Amino acid sequence: HLFLRMSLIPYLRPGRKVTQLTGCFLLGDSLLIAPVSPEDTVDAQLPPGIWTELNGTCHEGRLRAMRGYNETPVLVRENTLLPVSMNGQSLTQTTDDHTDRLTLHWFQPGQEAECTLADGTRYHVQRVGERIDVCVDTDKVFHLIVHENGVEHLIQV
């Protein structure tokens with residue numbers, strides 16, 4: 001859990017848009033943090049669309065839940081391709097030994113999505129019938145996990 005939190009630090013780097021909403025914070029356009037109150041509750045009005053917690057639970061409209069101190073909900077907007085470094089290093093670093101441990105998470109996928117890392121590496125995923133195609137401008141190894149309707153599918157690329 002700690003590695004996951006550390007891997008999301010690039011979304012807080014200078015220049016990133018952070019918007020305070022009713023009961024939560026929107027990082028950029030695709031990540032939402034819903035703070036836990038001192039009473040161990042979460043009560044947040046969500047922006048329109050389907051939002052998926054990193055644990056796989058989907059929400060629309062409002063998020064009301066009991067959570068412990070270390071269970072801050074991190075939610076991802078539908079059709080978001082989220083890059084996560086699996087060794088705890090920030091994706092803002094451009095060393096050769098961290099991108100081979102990159103995992104892309106595609107939440108509630110639509111027809112296509114893309115993301116670009118801080119080093120300029122671009123990933124584009126597209127659904128073609130039952131198949132998922134990935135276009136990337138690097139030869140480094142990565143994994144793709146598709147999160148759809150509470151089910152995760154690992155696609156090793």
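Predicted model: local features only at pLDDT ≥ 70, side-chain atom pairs only at ≥ 80, totals over all residues.
**First stop: the three-stranded sheet**

Begin by selecting β11, β12 and β13, three strands that together make an open sheet in that order. The pairing here is antiparallel. Next, colour residues 112-116 and residues 131-136: these are β11 and β13, the edge strands, and each of them pairs on one side only. If the view is turned along the sheet, the twist from one strand to the next can be followed; its average is 15°.

**Second stop: the four-stranded sheet**

Clear the view and select β9, β10, β14 and β15. These four strands form an open sheet in the order β9-β10-β14-β15, and its pairing is mixed. Highlight residues 80-85, which are β9, and residues 151-156, which are β15. Both strands stand at the edges with a single partner strand each, so one side of β9 and one side of β15 lack a neighbour in the sheet. With direction ignored, neighbouring strands of this sheet are turned by 20° against each other on average.

Which strand is joined to β15 by six bridges? Select residues 142-148 to find β14, which runs antiparallel to β15. Finally, display the side chain of I145 and search β15 for the bridge partner of this residue, which is L154.

Technical notes: Residues numbered from 1 in each chain as written. Heavy atoms only, no water. Pairing = 2+ DSSP bridges. Helix = DSSP H or I, 4+ residues; strand = E, 2+ residues; numbered from the N terminus. Axes fitted to C-alpha atoms, helices over the stretch in contact; angles between N-to-C directions.
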